[in-house]
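Take a look at the structure below. We will walk through it step by step, starting with one chain and ending where two chains meet.

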Amino acid sequence: MSEPGVDRPADRGAGAPSPQHDDTDDLAMAEAPRRGAGKRITALVHSRVGVIVLVVAIFFAMWLLGGAQPVATRQLLTLAVWGVMLGGVLALGSIGLTLIYGVLKFPNFSHGALVAIGAYTAFAVMAVLPEGPRLGPFSFGWEFLAALVVAMPVVGLVALAVDRVIYRRLRNQNAALVLFAMASLGMAFFLRSGIYMIWGPDFHFFYQGRPNPALNLPFNVRVQADQLFILALALALVLLVYLLLTRTRMGKAMRATADNPQLAQVRGIDTERVIAWTWVLSGALAAAGGAMYGLTSQLRPEMGFWLLLPMFAGTIMGGIGSPLGALVGAMIIGIVTQMSAAFLNPAYGPAIAFILMIVMLILRPQGLFGKPGG
Amino acid sequence: MIQEQWVKAIFVAIPLVLIGLRLIRLHWALRIPAAAACGFAVAVLLVAMLPTGILAYLVSFSIMAGIYAILSLGLNSQWGLTGHLNFGIAGFFAIGAFTSALFTMSMPTGLLANYAKQAFGLEMPFLVGVLAAAIVAGLVAFLIAIPVLKLREDYLAIATLGIAEVIRLAFQNERWLANGPQPLRGIPRPLSCLVEDPACAWLPDSLATWLTPLAQRDYIFPYLVIVAVFVAVIYVALERISRSPWGRALRAVREEEASAAMNGKNVASLRVQSFVVGGVIMGIAGALYGPYVISISYSHFRPLFATFLVWVMLMLGGSGNNRGAILGAFIIWGVWSGTAFLADAITPLLSLISDDFASRSPYLRWMLVAILLELIVLYRPKGLLQEQKVVSLFLPRELPKKVPRTKT
């Protein structure tokens, strides 16, 4: 980062504990143009356009790196399309994270576990239901859709129960952020151990050994029908959340609470009810994400932890508290993760996503769509 | 008591004497003999009363708890002193363990070279390995600190968690570095010649004959002494620096950055310094872990064992209190080990519900420790021992309960 040391105190503003009411970063940015060309370049790099250009540049560099090795362009295109699909699944988790982060102001480390529970709940429901015929080109039958519909409220209620038992008490004690973070880390291990106890440490598949042929799309892109379904469903759910947040009373109350809980309370909003609905909503979205992730790969108890970091990366890329940002951020993370597989050991996918997140945090801590200073 | 027991008692006595030196509050001229007498008496009693198996279990338990105590002390110097929310302890621990292993091991030769790969093997002595582990872990902490410590504390938690994952992924996938997914086997043990048949060449004959009753499996006794000495040195050093002006400046940064900066403290630099100190200590813990378990692999450095447990230890013991960090490590490692017995005990009960449940009882331990953490967070967030608010090298260690007010 080409930043002269003069700006350090203002930069520290990004480290202040209460982001929502902190405008030092904002000021630093407003003042920037007055301090010569170096400052202007810094401000440009920190702007949304600058960061997007940087992300595209990283994409392009990756493309070149991938092209330098014997990887066909159409394979890269396929990977990019797969990345969009993965992004769709991640987005469901990221939006939940961003809602919780916005309303309750702490990073929920147990969100990955909620995703995993969603996948396993769907698995349990499908084990009970009779196996129906395949629906059109998809690999699943109606029982998967039924399982999805059951899993979403179940995980929503699990999230709500956790809040009632742990986080509400911490809120009433006005606990420090670290206690929330620790409690959610503990919850992540608690929920995961629950999965181990109930379903055991082995892999599970929704459909053991069922073939899932890929469709040939134009430009030689090979995609499974399931993946298209996942993307469509993810986008539909995101749209639903968007409508909920902008058109309904509860959604508006959520946004108001995220903005300023005290003010929301003064205006007669029952913040506890808002928080409860936030948990139910983000739990349900996590469950949908988990079930859909399970459609394309195996279920393992650790899957939640693997997905947690990319989801956080998406949330932070997009800007905390912004569902639209979470969608865009998750898409970017998904695409980068998949495309890095063209020239790097696929195991490093999460690492790449994560490094991108750190770059974003340094250049623009408020994310692509976040409010300045947040 | 036979000679073997006397030898063991001497080894067990040394850590006990170190504890005694801390607990007995007398003038040093009296404290040293008192601690020595008490430590030795307790050690003799322990060795004489306990069956061999249980004694060996207790010693291994103390070694692991001691290594965790070092991790917990390292975390305390980051979180307790300066307020860094480091969720990436596993990363520094892994770097320390692998670095010291690579420095002390020899390159695989012959047939083994086909199966085991490592970047280098320098066959250095143990202490050089520890030093290398500390330096490399500190260096990595420094490199991480520069970009990451500018972040808000919750972002720092996410970032460090991710960095630890990246480090673990690197050790898992880079076969050339440290045998990748396969464990790195045969880490040499320091002073292992004490328990071998032709004893160390440099030992005087009388000592060598005195040590002959010890068999290979009794290596844990001398290793306990090594770990105890490391814990003691790090504890004393941390106590010293947390009472120094530097330590107070760190706490000022933690409490209120703006006023620390206003008083002329270089906040950014202080934050980096304390992060590096913590990283160094965690690296040393890794260097001690390798020789104890002999073979290490990436899977030892999962967030559960290497990050989560350490946080539970420090939270229970008391953030900001070095004694608390050590106490918490022993209690939580005791709970963790104890839940293994508990899980065994309730296995028959679980098998009444389902056979699957019984075979999964090990995972109950996670659940119990997670519940314990939630209880600490809810009911005892400040831990068992609280931080001393007023510290200085020039004040008496424990202030009287009520500080007499000077009349103005």
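Chain B has 17 helices and zero strands. Keep in mind that this is a predicted model.

Start with the overall shape of chain B. Along its principal axes, the C-alpha trace spans about 70 × 55 × 55 Å. Now think about which parts of the sequence meet. Take the contacts in chain B between residues at least 6 apart in sequence: 77% of them join residues at least 24 apart.

Next, the domains. Chain B is divided into domain 1, residues 1-49, and domain 2, residues 54-302. Their centres, taken over C-alpha atoms, are separated by 27 Å. Eleven residues of domain 1 of chain B are in contact with eleven residues of domain 2 of chain B. On the domain 1 side, α1 (3-23) and α2 (28-49) of chain B each supply at least two residues. Which helix gives the most to this side? It is α1(B), with nine residues. By residue type, the domain 1 side divides into eight nonpolar, one polar and two charged.

Now go inside. The largest nonpolar core has 232 residues, and I70(B), F93(B) and I284(B) touch the most other members. This core draws at least three residues from each of domain 1 (1-49) and domain 2 (54-302) of chain B.

Pick out F93(B) in the largest core. What does F93(B) touch, not counting residues up to four places away in sequence? Its partners are L71(B), M282(B), A285(B), G286(B), F301(B) and A306(B).

Then find L156(B). This residue is found in helix α7 of chain B, which covers residues 153-173. Is L156(B) buried or exposed? A residue is buried if 20 or more other C-beta atoms lie within 10 Å of its own. L156(B) has 23 C-beta neighbours inside 10 Å, so it counts as buried. Leave aside its neighbours within four places in sequence, and L156(B) is in contact with H84(B), L85(B), V148(B), L149(B) and L151(B).

Move over to chain A and follow helix α9, residues 225-247. This helix has 23 residues. From its first C-alpha to its last it reaches 32 Å, close to the 33 Å expected at 1.5 Å a residue. Several residues of α9(A) are buried, including D226(A), Q227(A), F229(A) and I230(A). L237(A), V238(A), V241(A) and L245(A) are also among the buried residues of α9(A).

How many residues of chain A are in contact with chain B? There are 40, and they meet 39 residues of chain B. On the chain A side, α1 (8-12), α7 (142-172), α8 (177-199), α13 (303-318) and α15 (349-363) each supply at least two residues. The largest share, 14 residues, comes from α8(A). The residues on the side of chain A that touches chain B divide into 30 nonpolar, six polar and four charged.

Notes
Residues numbered from 1 in each chain as written. Chains lettered and ligands numbered in written order. Predicted model: local features only at pLDDT ≥ 70, side-chain atom pairs only at ≥ 80, totals over all residues. Contact = placed C-beta atoms within 7 Å. Helix = DSSP H or I, 4+ residues; strand = E, 2+ residues; numbered from the N terminus. Nonpolar A, V, L, I, M, F, W, Y, C, P; charged D, E, K, R; others polar. Buried ≥ 20, exposed ≤ 12 C-beta atoms within 10 Å, placed from the backbone. Core = buried A, V, L, I, M, F, W, Y, C linked by C-beta atoms within 7 Å. Domains from an automatic or database assignment. Expected span 1.5 Å × (residues − 1).
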